[in-house]
Amino acid sequence: MALARGRQFLAIPGPTNVPLRVLQAMDRPPIDFTSPEFAALAEEVQHGLRKVFKTEHDIFIWASTGHGAWEAALANFFSAGEEVLICETGSFSEWWFEMAGLLGLKPEYLPGDWKQGIDPAKVEERLRADTEHKIKGVGVVPNETSTGLTNDLAAIRKAIDAAGHPALLLCDTISSLGSMDFQMDGWGVDVVVGGSQKGLMLHTGLGLLGVSAKALARADEADVPRRYWDIRRSLQMPYHMRNPGTAPAHFFYGLKESITFIEEETLDGVFARHARLAEAVRRAIAEWAKGGALNFFVENEARRSNSVTAVEFADGYNADEFRFAVRDDFNVMLGGGLMKLGGKVFRIGHLGDLNEPMVWGTLAAIEATLKRKGIPHGSGGVDAAITHLAEA
C-alpha cells in the first residue's frame with residue numbers, strides 16, 4: 001500500500017465529511033446536561049430539526065446509530081404478533097424486516113425489484129386485500145443506501161389512503177434527510193427514522209425519530225419490551241432531559257452548527273446542489289458504461305438517487321478489489337456492496353459537505369484505476385462530469 005499524502009477523499013455513503021466548523025463547535029469541555037444552557041441548546045436543535053424534517057411534531061433523539069432509531073420505531077408503536085408490511089428495496093429493508101421478527105412482530109416482506117423500485121400499486125393491492133386491517137404498519141426505505149434506489153414516498157402514501165387502510169407509514173430517511181427533499185407532514189409519514197452521519201454532516205452517534213400524533217397514540221398500547229427506546233418515559237420529562245441517560249451534549253452542539261450550515265444554504269439550495277453533483281456522477285458512469293464492464297446498478301433512470309450511486313461490474317470483475325485499488329493508489333474510499341451485492345458493486349457517496357472539485361477528484365481516481373487495471377470502459381467520464389458542472 002502506497003504512503004498516503006494529503007487528506008483522504010471519503011466517497012462512501014456514510015459517514016460523510018464533517019465540516020471544520022462543525023468539528024470546532026463540538027470541541028469543548030462537557031457541560032451539565034441538566035443545566036439551563038443545555039436546555040436552550042436542545043430546544044434550538046429541536047426547532048431546527050423540525051424544519052429539516054418539515055414537520056410540526058417532536059423529534060426524539062438517542063445516542064445511537066440509525067439502527068437504534070429503527071428499533072425505537074418498531075418497539076414503540078406495535079405489539080407482539082402484530083403484522084407489519086416491509087417493502088423490499090435492498091439490504092436495509094431486509095435488515096428492518098429481520099429486526100421486526102426479532103422483536104416479536106409478524107413481518108411480511110412485499111417483494112420488490114432492487115433495480116426498479118417499489119410499485120405503489122402493489123402496496124395498494126396488498127392493503128386492499130387486508131380487509132381486517134391486521135397490518136398495522138408499512139415500512140419503506142425511500143432512499144436505499146445499499147443500491148442508490150429511490151422510491152416515491154408520496155405515491156406510497158396515496159396508495160395507502162386509496163386502499164382506505166389505517167396502517168402507520170414508517171420510513172428510513174437516513175441517507176436522504178438533509179440531501180433530498182423530504183416532507184414528513186406533507187407526505188403523511190407517521191414515523192421517520194434518521195441518523196446524524198450523512199446529510200446532517202455529523203459523526204455517527206445520533207439516532208433520530210420523527211413521530212406523528214397518530215403514531216404517538218399507539219405508544220401506550222404497544223407491548224414490545226423497551227426501556228432505552230421508550231418514548232413514554234421520554235415524554236414525562238422536559239425536552240432536554242428526554243435522553244434515557246446522560247445526554248451527548250457535544251453532539252447537540254455539532255448538530256446545531258450543521259443545521260445552521262444547512263439554513264445558510266437553504267434546504268432548496270442543498271437539494272439543488274445534491275441533484276447537480278449527482279448528475280455529474282451519472283454523466284461519468286454513463287460514459288464508462290460504454291465499455292461494457294460496468295454500469296448503473298439501478299436500471300430505472302427516474303429512481304436513481306441524488307445521494308448515492310451503486311455501480312455494478314460485469315461477471316469476471318471483483319468490485320471490492322477495484323475499490324481497494326482506488327483506495328491504495330489514490331487515497332479515495334468508495335463504498336462496498338452489501339449482502340448479496342458484496343464484490344459485485346461499489347458505491348459512490350455524493351452527499352453532505354461536498355463540492356465540485358471533490359466530485360471531480362473522486363471520479364478521476366475511479367477513471368484512472370479503470371485504466372490501470374485494463375478494465376474496458378468508455379473514455380471521457382471525467383470530462384462529461386466537468387462539462388455538466390461547468391454548464392450547470
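Start by selecting helix α10 (residues 267-288) and helix α13 (residues 381-391), in what is a predicted model. The two helices pack at an angle of about 150 degrees, and angles over 145 count as roughly antiparallel, so α10 and α13 are roughly antiparallel to each other. Their axes lie 7 Å apart, and α10 passes α13 in a right-handed crossing.

Show side chains at this contact. From α10, pick R276, L277, E279, A280, R283, A284, E287 and W288; from α13, pick G381, A384, A385, H388 and L389. Coloured by class, the contact of α10 with α13 shows seven nonpolar, two polar and four charged residues.

Next, select helix α3 (residues 66-75) together with helix α4 (residues 91-102). Here the angle is about 45 degrees and the axes are 10 Å apart; α3 and α4 are therefore oblique to each other. The crossing of α3 over α4 is right-handed. On the α3 side the contact uses H67, W70, E71 and L74, and on the α4 side F92, W95, W96, M99 and A100. By class, the contact of α3 with α4 has seven nonpolar residues, one polar and one charged.

The largest nonpolar core has 51 residues. Select L49, F53, V123, F182 and L208, the residues with the most contacts inside this core. Then centre the view on F182. Apart from neighbours within four places in sequence, F182 is in contact with V52, F53, K54, L153, C171, T173, L177, W187, V189 and V192.

Last, select F78, L168, A215 and A219, which are among the 30 residues of a second, separate core.

Methods:
Residues are numbered from 1 along each chain as its sequence is written. This is a predicted model: local features need pLDDT of at least 70, side-chain atom pairs count only at pLDDT 80 or more; totals for chains, interfaces and linings use all residues. Side-chain values use heavy atoms; hydrogens and water are left out. A nonpolar core is a set of buried Ala, Val, Leu, Ile, Met, Phe, Trp, Tyr and Cys residues joined through side-chain atoms within 4.5 Å. Buried means under 20% relative accessible area, exposed over 50%, partly exposed in between (1.4 Å probe, protein chains only). Contact means heavy atoms within 4.5 Å. Axes are lines fitted to C-alpha atoms, for helices over the stretch in contact, and angles run from 0 to 180 degrees between N-to-C directions. Helices (H or I, at least four residues) and strands (E, at least two) are DSSP runs, numbered from the N terminus. Angles under 35 degrees count as roughly parallel, over 145 as roughly antiparallel, 65 to 115 as roughly perpendicular and the rest as oblique. A crossing is left-handed if the near helix is turned anticlockwise from the far one by less than a right angle, and right-handed if clockwise. Ala, Val, Leu, Ile, Met, Phe, Trp, Tyr, Cys and Pro count as nonpolar, Asp, Glu, Lys and Arg as charged, and the others, Gly among them, as polar.
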